[in-house]
Amino acid sequence: MSCSFFACASEMDFQHYLEFLLEHYRDLHLPYPFPVSLSFIGSPVLMQQGSILCYDEHEDSVIGALGYILGTGENHYQDTHVVQIQAVCLHESYRGRTVFRKGLQFFTDHLAQQYEVSEIRFFAPADDKLHRLLTKVSEQIATRETDFGPLNEYRAAFSEWQAKVARFSP
């Protein structure tokens, strides 16, 4: 399986990013009403920040997307040393260690080259399978109850994130 990752740069890239995440909306399992979920999915594009696509090189089709923003709402997005992952989705038939590792490495290298990052934050549904995966690169710091189920908050110092990701690389 041959895939490639790249940071979105053109209007067409951003369109593919949004189309893929909306097409696979149910796979995101976001514990919010659709309008709130849409704001998470679209914020990297609307805020003109980061989105990454993964392509299957043989099929020439989008198989994954990741969106992130710089800064946090509580600090009016001035704390740009904090990267918040807003949405991540990989087509089910491509979910596996190889593509996951490649994507994680691409994302980490991309952040290191583009920004002065000190921390990564993200939220995910409270799911044991996800939790085991996510704690390989981060630490769960809280669980919040939402109207749509429990939501875990994860954080990692970027230097620790980089070290953990480096261990995954071949």
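Which residues are linked in a network of salt bridges? Glu74, Glu119 and Arg121 are.

1. **What you are looking at.** This is a predicted model, where local features need pLDDT of at least 70, side-chain atom pairs count only at pLDDT 80 or more, and totals for chains, interfaces and linings use all residues. Residues are numbered from 1 along each chain as its sequence is written, and side-chain values use heavy atoms, with hydrogens and water left out.

2. **The salt bridges.** A salt bridge here is a side-chain nitrogen of Lys or Arg within 4 Å of a carboxyl oxygen of Asp or Glu. The structure holds five of them. Helices (H or I, at least four residues) and strands (E, at least two) are DSSP runs, numbered from the N terminus. Arg121 also forms a salt bridge with Glu119, and there the closest N and O atoms are 2.5 Å apart.

3. Glu74 counts as exposed because its relative accessibility is 56%. Arg121 counts as buried, because its value is 11%.

4. **Another pair.** Glu153 and Arg155 meet through their side chains in a salt bridge of 3.0 Å, N to O. Glu153 has 5% relative accessibility, so it counts as buried. Arg155 has 26%, so it counts as partly exposed.

5. Tyr77 has a positive phi of about 60°, although it is not a glycine. His76 counts as exposed at 63% relative accessibility, and Tyr77 as partly exposed at 35%.

6. **Helix H6.** Which residues are buried in helix H6 (residues 158-168)? They are Phe158, Trp161 and Val165. Seen down the axis of H6, the buried residues fall within an arc of 55°, so they line one face of the helix. The arc is that of the directions from the helix axis to the C-beta atoms.

7. **A charged patch.** Arg97, Lys129, Arg132 and Lys136 gather on the surface in a patch of positive charge. Patches are made of residues with over 30% relative accessible area and no salt bridge; like charges are joined within 9 Å, and nonpolar side chains (Val, Leu, Ile, Met, Phe, Trp, Tyr) within 5 Å. Lys and Arg count as positive and Asp and Glu as negative; His and the chain ends are not counted. The place of a charge is taken as NZ of Lys, CZ of Arg, CG of Asp or CD of Glu. Arg132 is found in helix H5 (residues 128-134). With 54% relative accessibility, Arg132 counts as exposed.

8. **A nonpolar patch.** Leu22, Phe34 and Leu38 make a nonpolar surface patch of about 240 Å². Accessible areas come from the Shrake-Rupley method with a 1.4 Å probe; for residues, only the protein chains shown count as cover. Leu38 is found in helix H3 (residues 34-46). Leu38 is partly exposed, with a relative accessible area of 35%.

9. **Some distances.** Leu66 is in strand E3 and counts as buried at 13% relative accessibility. From C-alpha to C-alpha, Leu66 and Ile141 are 22 Å apart in space, and they are 75 residues apart in sequence. Glu116 lies in the loop between helix H4 (97-114) and E5. Glu116 counts as exposed at 73% relative accessibility. Glu116 and Phe100 are 16 residues apart in sequence and 24 Å apart in space, C-alpha to C-alpha.

Conventions
Buried < 20%, exposed > 50% of the residue type's maximum accessible area, 1.4 Å probe, protein only.
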